[in-house]
Amino acid sequence: MRDHISSIRWLSKPLPPFSCDSADPSTKSYPFCNVDLPIEKRARDLVSRLTLDEKISQLVNEASAVPRLGIPYYQWWSEALHGVGGSTPAQSGVLFNGTIKAATSFPQVILTAATFDEYLWYRMAKVMGTETRALYNEGQVTGMTFFSPNINIFRDPSWGRGQETPGEDPFLTSKYAVSYVRGIQGDSFEGGNLKDGRLQASACCKHLTAYDLESWNGNSRFTFNARVTKQDMVDTYQLPFKRCVQEGQASGILCAYNFVNGVPNCVNYDLLTKTVRGEWGFQGYITSDFHAVNHLYEKQNYSKSPEDAVSDVLKAGMDIECGSYLVNHTKSAVEKGKVSESDDIDRALYNLFSVRMRLGLFNGNPSELPYGNLSRNDVCSPEHQDLALEVARDGIVLLKNSANILPLSKFTTKSLAVIGPNANVSDTLLGDYAGPPCKTVTPLQGLMNYVKKIEFHEGCEAINCTSIASIKVVKELSKSADYVVLVMGLNQDREGEDLDREDLVLPGEQQSLVMNVANAAKNPVILVLLCGGPVDISFAKGNPKIGGILWAGYPGGAGGKAIAEIIFGDHNPGGRLPMTWYPKDFIKIPMTDVRMRPDPSSGYPGRTYKFYQGEKVYEFGYGLSYSNYSYKFVSVSESKLKNLGNILVSNIGSGSCENAKFLVIVSVENEGRMVGKHPVLLFLRRDKAVKGSPVKQLVGFQTVKLNADEKANVEFEINPCEHFSRATEDGTMVIDLGLQYLVVGDQEYPILSTQ
């Protein structure tokens, strides 16, 4: 009966695209349809049956159908940065043109990272994988390969796409990459549970490598040459990608537009083939960014002809182009002897069809396969929307709370003024690469659930705030209300893809608006910032008339509800900044200087909390709470690292590294009166700095939920080969002799490395 109902359901709607239909006798004889054979043999059999023209048609993101073999059209390019969807519909494998019109909208990645919660990241990505399969089963998906996550380092605060990343720390970014990939691909949280390599959806880590500039001072992402030292490459730029491949087992990699040390990423054989596939053991497909191949010839002047561009990328190890250059010029490249059909094209197609087979797209009718029971009821479900709200709540960072003005009382607050250009704009909540949300709650709408008497004024006509609208009305509004909540910041007109920031301050007259309101209000005001990148709000940080400051990133569809819950005390904020907030003068540092380490001789200050020692508005890891938390080292199983000082990590051996691991147990106590979820960050700092060594570095983080006055132990596993090592100038990792300290909050524990 169950199978009968299932078949009726599938007949009542469009069938999702798949191959090897058991009802089609013509496909039964094909070995590539035999699910009992290894995918390697199946993929090679399929490739061997294609003509040259058919092969070429598969080398681009819009892969043509091959009707004679029962192979449907496939769209490789889809996005799932912080929810399914988010690319132009005409260029996406996910369409919202059927019974499903939206998908769960999670906060933009930079705010999600502020939760410092690996399992939360995993759960979020797992929802995206589930909703993908549901959309596929409903016939609204032609591709389940997502060009996500973005795991580049948020190196410069001006970068418009920093909002898409987990922040500036490579250790944190690596952890996010692994959790995301495992979640969306259908693996277990611990990893290693992909049965027969089967994928729920395919994750593609991007943009390899050292990509973090859009358009700055005449420099374009399409032609920029990032000059990266071996030292920075090893311990900053490459680390997240390495972990994404080795621990996350990502099935896709996207190579970036830019040059690195004179070579475009997508033609770098040493990077794509020797490092990614050889050293890291990557098994999956490598795609270009959109139109990156034609840029090699037309913009970068690197390849001598269109055919050379095709040859350069295929021989470097790239498998598929996001674009159409390979369709137009590969045959000519073959005819001119620049590309080998058997060595270059077949290799690429093997990688491509292997991933499609791992997705189950050549296993027959999806209704009879794993995930075949998922449907429209599994998209925008209450559970999924609750999770999106949970991520927003846990990510929002309390930056200031003078005299504990927050939370506001739900009982004594009788009137509220809500002012600002970001207070009631749904789109601003989402950030870039956002699909259509199930529903949205703006900050104004969220606050209306707590106070009956609310007055709203946008203050500025637009985010650029070229002038303050109706200043007298705004001031009167501010005077009359018990409290004022200002919702300011940025949006995608100020930061985004192909749009780097020109300054690090609030746009236009926003600061003036804040000060006018603060001076008129009867009580200190609450300032809420919606933005991806940091903003220098030093004017507000030290002003007693601005009592509370919240950074809410771009908090997703449920963002307004999360903001209101924090302001009125239904949630205890616990987010911590995943990036440094620099002073506005940092804008003077050329964005094109990609060095992480400082250079005292030239006055170059370095970048990120690991190396920058200049003034900060707020530091990495900063975040307040309505509770105070105290820490104590309970036990550290090793206080000396014997025979691990002054030694190259490569000379230690994986077995010795494994044996050298030790446990650190930290006691955490919630000394407040509210239950709170708190990220515990464990850092390492050196007693004596070595040239090029970090000021400090994150080596572990755990979140713990504690009731008022509750205490709990948090456990960290430390691997000296990973956590105590530093990169030398030649790119090797070494553990130094001497004293180092584990640091959590104001507590330190000494560890001595000896020979």
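In this predicted model, Lys206 is a buried residue, with a relative accessible area of 3%, and Glu79 is likewise buried, at a relative accessible area of 2%. The side chains of Lys206 and Glu79 meet in a salt bridge, with a distance of 3.2 Å from N to O. This pair links distant parts of the chain, since Lys206 belongs to strand β4 (residues 202-208) while Glu79 sits in the loop between β2 (74-75) and α4 (109-113), 127 residues apart.

A search of the whole structure finds 42 salt bridges, among them the three pairs tabulated here.

| Pair | Closest N and O atoms |
|---|---|
| Arg277 and Asp319 | 2.7 Å |
| Asp394 and Lys677 | 2.8 Å |

Arg277 forms a salt bridge with Asp319, and this pair also links distant parts of the chain, with Arg277 in helix α9 (residues 269-279) and Asp319 in the loop between α11 (306-316) and α12 (325-335), 42 residues apart. Asp319 counts as buried because its relative accessibility is 0%, where buried means under 20%.

The salt bridge between Asp394 and Lys677 joins helix α14 (residues 382-395), which holds Asp394, to strand β22 (residues 676-686), which holds Lys677, and the two residues are 283 residues apart. Asp394 is counted as buried at 8% relative accessibility, and Lys677, at 19% relative accessibility, counts as buried as well.

Beyond these pairs, a network of salt bridges links Arg161, Glu164, Glu214, Arg221, Glu497 and Asp498.

Conventions:
Residues numbered from 1 in each chain as written. Predicted model: local features only at pLDDT ≥ 70, side-chain atom pairs only at ≥ 80, totals over all residues. Heavy atoms only, no water. Salt bridge = Lys/Arg side-chain N within 4 Å of Asp/Glu carboxyl O. Helix = DSSP H or I, 4+ residues; strand = E, 2+ residues; numbered from the N terminus. Buried < 20%, exposed > 50% of the residue type's maximum accessible area, 1.4 Å probe, protein only.
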